[in-house]
Amino acid sequence: AAVAEHIAVLATPFETDVPTARKLMLQNVDLYESYIAEAKRSGAQIIVLPEDGTYGLDLGTKRAALAYMEKMPTPEQISSQHLIPCLETDAFENQVILRRLSCLARSSSIAIVANMGDVQPCHPLLDSDCPITGDHFQYNTDVVFDTDGRLLAKYHKQHLFFENSFDEPESVNYVVFETSFGVKFGVFTCFDILFEKPAQILVNKYGVRNVVFPTAWINHFLIWRARKCS
């Protein structure tokens, strides 16, 4: 396995249009390509890319961040369909980053775990959790691609760390996936590791022994490290 450290080309925390946002994100994915190639040369079967790596740490307000989001398939669609965004250009025409990551996994024959923004629609009158200010949720999301570019899983970060651009999921998702090389993984994101759900539940209830864990970690108090290791 490989883990990439990355200095992101940073998004501006002000409103921008979708083409400009995509151009910036693709610059970061271009850098990912070099990390993936190095990981493959080193014999890695899976690479974990960092949290917020496609746009940087601060997207500003939810409204400003929307240009950096892509609408992803639901967990039900992912589990029931063999989705390879790289090969399904019509279906994923507006998911440029998702499609590019799928193509990188497929062309490199390596599993990829990446972090990006997922936007999901909701109706304020039908969904009590739908944000008052809009008709959609925005989630900090990990996406997983298998070695053929198939979209294996997505995970919405549960415990946000002062992340005003994103919504907290209504309930915890416990996401487990198995790769083409026969290893089962659980997935969660950064600050999640300090909490029982989902981290400990994945181990104790789902029998997970391998974890992929995109993070934008910072220097922190020793007590946090103690809690993480408890």
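**Ground rules.** I am working with a predicted model, where local features need pLDDT of at least 70, side-chain atom pairs count only at pLDDT 80 or more, and totals for chains, interfaces and linings use all residues. I number residues from 1 along each chain as its sequence is written, and side-chain values use heavy atoms, with hydrogens and water left out.

**Entry 1: the main core.** I looked up nonpolar cores, meaning sets of buried Ala, Val, Leu, Ile, Met, Phe, Trp, Tyr and Cys residues joined through side-chain atoms within 4.5 Å. Buried here is under 20% relative accessible area, exposed is over 50%, and partly exposed lies in between (1.4 Å probe, protein chains only). The largest core holds 38 residues, and Ile 47, Tyr 68, Leu 101, Ile 112 and Val 143 have the most contacts inside it. Two or more residues each come from helix H1 (18-41), helix H4 (96-108), strand E4 (111-121) and strand E5 (136-145). H1 gives the most, with 8 residues. My helices (H or I, at least four residues) and strands (E, at least two) are DSSP runs, numbered from the N terminus.

I then followed Leu 101 and its contacts (heavy atoms within 4.5 Å). Leaving aside residues up to four places away in sequence, Leu 101 touches Val 29, Tyr 32, Ile 112, Ala 114, Met 116, Val 143 and Phe 145.

**Entry 2: a second core and H5.** I found a separate core of 17 residues, including Leu 152, Ala 153, Val 187 and Val 208. Next I checked helix H5 (residues 196-204), where Pro 198, Ala 199, Ile 201 and Leu 202 are buried. The buried residues of H5 pack against strands E6 (151-156), E7 (175-178) and E8 (184-187).

**Entry 3: salt bridges.** I counted 7 salt bridges, each a side-chain nitrogen of Lys or Arg within 4 Å of a carboxyl oxygen of Asp or Glu. Lys 157 meets Glu 51 at 2.8 Å, N to O. Lys 157 sits in the loop between E6 and E7 and Glu 51 in the loop between strand E2 (46-48) and helix H2 (62-65), so this pair ties together parts 106 residues apart in sequence. Lys 157 counts as buried at 1% relative accessibility, and Glu 51 counts as buried at 5%. Lys 157 also bridges to Glu 163 at 2.6 Å between the closest N and O atoms; Glu 163 is buried, at 15%.

Which partner does Lys 154 have in a salt bridge? I found Asp 118, with the closest N and O atoms 2.7 Å apart. This pair links strand E6 to strand E4, 36 residues apart. Asp 118 is buried at 0% relative accessibility, and Lys 154 is buried at 8%.
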